[in-house]
Amino acid sequence: MTPDAHRVLGACPHDCPDTCSLVTTVENGVAVRVQGNPKHRHTDGVLCAKVSKYTERTHHPERLLTPLKRVGPKGSGQFAPVPWDEALDDIAQRLKAIAARDPQAILPYSYAGTMGLVQGEGMAGRFFHRLGASLLDRTICASAGAEALTQTLGNKVGMKVEHFAEAKLILIWGSNAIGSNLHFWRLAQQAKRDGARLVCIDPRRTETAEKCHEHLAIRPGTDAALAFALMHELIVHNWIDHDYVQRHTLGWDQLRERALQWPPARAAEVCGIPVEQITQLARDYGTTKPAAIRLNYGMQRVRGGGNAVRAVACLPALVGAWRHHAGGLLLSSSGHFPVNRAALQRPDLLGERRPRTINMSTIGDDLLRPASPEFGPAIEALIVYNSNPVAVAPDSSKVAQGFQRDNLFTVVLEQFQTDTADMADYVLPATTQLEHWDIHTSYGHTDVLLNRPAIEPLGEARPNTEVFRQLARRMGFTDACFNDDDLSLCRTALGEQVDFNALLEHGFATLALPEAPFADGHFPTPSGKCEFFSQRLADQGLDGLPDHLPNAELAGTSERYPLAMISPPARNFLNSSFVNVKSLRDIEGEPLLEIHPLDAKARHIRSGEVVRVFNDRGEYRCTARVSERARPGVVNGLGIWWRKLGLNGTNVNELTSQRLTDLGRAPTFYDCLVEVAPAEAG
Ligand code: SF4
């Protein structure tokens, strides 16, 4: 460090379970290095390759540094700089005019571009509640699994991640941990060195699958069938912890009956794997203690994704894995955090109004919907922040068509000129994590992190909070809450529940939680038990028990589209973030489709050639990589490239559907049939 350099503590804002603690070195007002905080045990001084490049992203030559107003046709990407005041005055006027007719015609659209509670929905929530805008159902990533966990365990809770290091059997289910949960992978490696067996369950032979002792390459959407076959074997071999089941679960008799319908041979047929893999995994799971499951969101992106998570979440209770702190399951830890969302986002500002809710996963159809008694007013204005829906929402040709409507007024708060920013009427330059305050919980560990600004905002960039404060003033909202500064919002988010002084000093604070939260039951369900049978689901007319629900687009049911496609993230991207960081894009090279040698041969496709991937929703061109990372019958379209960086101005979401999951109203990105052909054949 040079003498005039200093270090600032922060938090990684990205949609990743690891929520790393950052140390930014600043020299002469410039962030020159971002490193992992060695004092934060979950980060352990290490960042992934993506965020190690954070200074490149922050000081990127293409950062948006001034407000922009559209000067060409919609979607043409032609903009001219405008002063902030002019942009905000005009935006407020336009919103006022729409709100005078019906504020529900205005829709906020945001997700996890930052996971920060303040730059996320802190001031934005207040603004849209006060306005009475349509509410957004934020379903695009995790809501099927979240709902399933809530119905089974009572909340988004599970074992502490640090205890995986002591497990003797780890099932890594629906997750490429090396690419998307790096710090968990380090713990799994430690367990492996201490003799643990690692098993990966994933349709794709990922980097993680390669390094596990066993890989079960099941067909997409067959996870529940596998879970039921495991239960079948636990039952017939009497590997059940009857004492735990009897005292701490609900619905055992019904679940038992259903599981006995799933002998391993049946599941092997459905999952497309050898029966011996299932019986061996069941033996390992039934006889190894402690056994831990790291579930991730990959498996819930299919029609039956919620039920599949419910089925898997029943397993630890059956073998009494929760008794041990290194046993159980972790999908998300976010339910452990006592976030005071009501104080932060102020839904009380709605008063008596109860606006409609729009599901972010069906934005393609909803932007094209006319006014009707069922739908309410057509969407006339869209305010997008922390999200890039034109690239990431399913069925993206519909999404792009909706954004292109001339009578839609679109404002995008962004750091870069994304596909969505191209569609805007106004683009407002947003600060990055190095330039603003924020506070973070985590969905992969149980620490709260505070993010301090390391540098001044670049150019004219402003934090989201400041934009919504300024808009509130122009809209005439005089409520005192619009005067709160960002540090007060950070304090409000968790109130007295965390030691804010510890956050200010160390950058993180650990929640006080039991080491083995369900060793003696006490699940946060209505019954206090692990609910194999959910009365709450039954009351909604749904099946109270988990079940295997085949994919809506089931392989083998379409002659025209015989291949199943999943679209897991490319390793160097995080959803659509980082695609514009050249050094990372250079590693990825180009948009790729992995295809098994047998499927490639049948279609005369050679590695490295451009292919058409298509179905009734659209066509996507990318480069084929003939590889055994793909299992026969399944292709892997690595995402999520920006459409404008794709070969024909599309990305993999050109092919995905707007159909929703069984629970949680989430998208079914991995429930998608396609055909592939050499491009010249088209
Ligand atoms: S993306 Fe994940 S692994 Fe990478 S720095 Fe952020 S939290 Fe850590």
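Ala, Val, Leu, Ile, Met, Phe, Trp, Tyr, Cys and Pro count here as nonpolar, Asp, Glu, Lys and Arg as charged, and the others, Gly among them, as polar. This is a predicted model, in which local features need pLDDT of at least 70 and side-chain atom pairs count only at pLDDT 80 or more, while totals for chains, interfaces and linings use all residues. Residues are numbered from 1 along each chain as its sequence is written, and side-chain values use heavy atoms, with hydrogens and water left out.

**View A. The shell around the ligand.** Welcome to the ligand site, where 10 residues surround the ligand (a residue is near a molecule or strand if one of its heavy atoms lies within 4 Å of it). The closest are C12, C16, T19, C20 and C48. By class, the shell divides into seven nonpolar residues, two polar and one charged.

**View B. Two nonpolar cores.** A nonpolar core is a set of buried Ala, Val, Leu, Ile, Met, Phe, Trp, Tyr and Cys residues joined through side-chain atoms within 4.5 Å; buried means under 20% relative accessible area, exposed over 50%, and partly exposed in between (1.4 Å probe, protein chains only). The largest core has 126 residues, and W173, Y285, L315 and L318 have the most contacts inside it. Helix 9 (residues 223-236) supplies the largest share of this core, 10 residues; helices (H or I, at least four residues) and strands (E, at least two) are DSSP runs, numbered from the N terminus. Apart from this core lies another, of 51 residues, with I98, M123, A381 and L471 among them.

**View C. What surrounds L318?** Contact means heavy atoms within 4.5 Å. Beyond its neighbours within four places in sequence, L318 is in contact with M231, L234, W239, I240, D241, V245, W252, L255 and F532.

**View D. An aromatic cluster.** Do look for F127, F128, Y385, F468, F477 and F482, which form one aromatic cluster. The structure holds 16 aromatic pairs. One of them, F127 with F128, is edge-to-face, at 5.1 Å centre to centre and 85° between the planes. Rings of Phe, Tyr and Trp (its six-membered ring) pair if their centres lie within 6.5 Å; planes under 30 degrees apart count as stacked, over 60 as edge-to-face and the rest as tilted. Both F127 and F128 are buried.

**View E. Arginines over rings.** R356 lies over the face of F375, at 4.6 Å from the ring centre, and R612 lies over the face of F614, at 4.4 Å from the ring centre. A charge sits over a ring if NZ of Lys or CZ of Arg is within 6 Å of the ring centre and within 35 degrees of the ring normal.

**View F. The surroundings of W185.** W185 sits in helix 7 (residues 182-193). This tryptophan counts as buried because its relative accessible area is 7%. Not counting residues up to four places away in sequence, W185 touches I172, A177, I178, L198, T208, K211 and C212. From W185 to T208, 23 residues apart in sequence, the C-alpha atoms are 8.4 Å apart in space.

**View G. Backbone details in two loops.** A cis peptide bond, with omega about -5°, joins K289 and P290. P290 belongs to the loop between helix 13 (275-287) and strand 12 (291-295). In the loop between strand 15 (381-385) and helix 17 (389-392) you will find N386, whose phi is near 55°, a positive value in a residue other than glycine. N386 is buried, with a relative accessible area of 14%.
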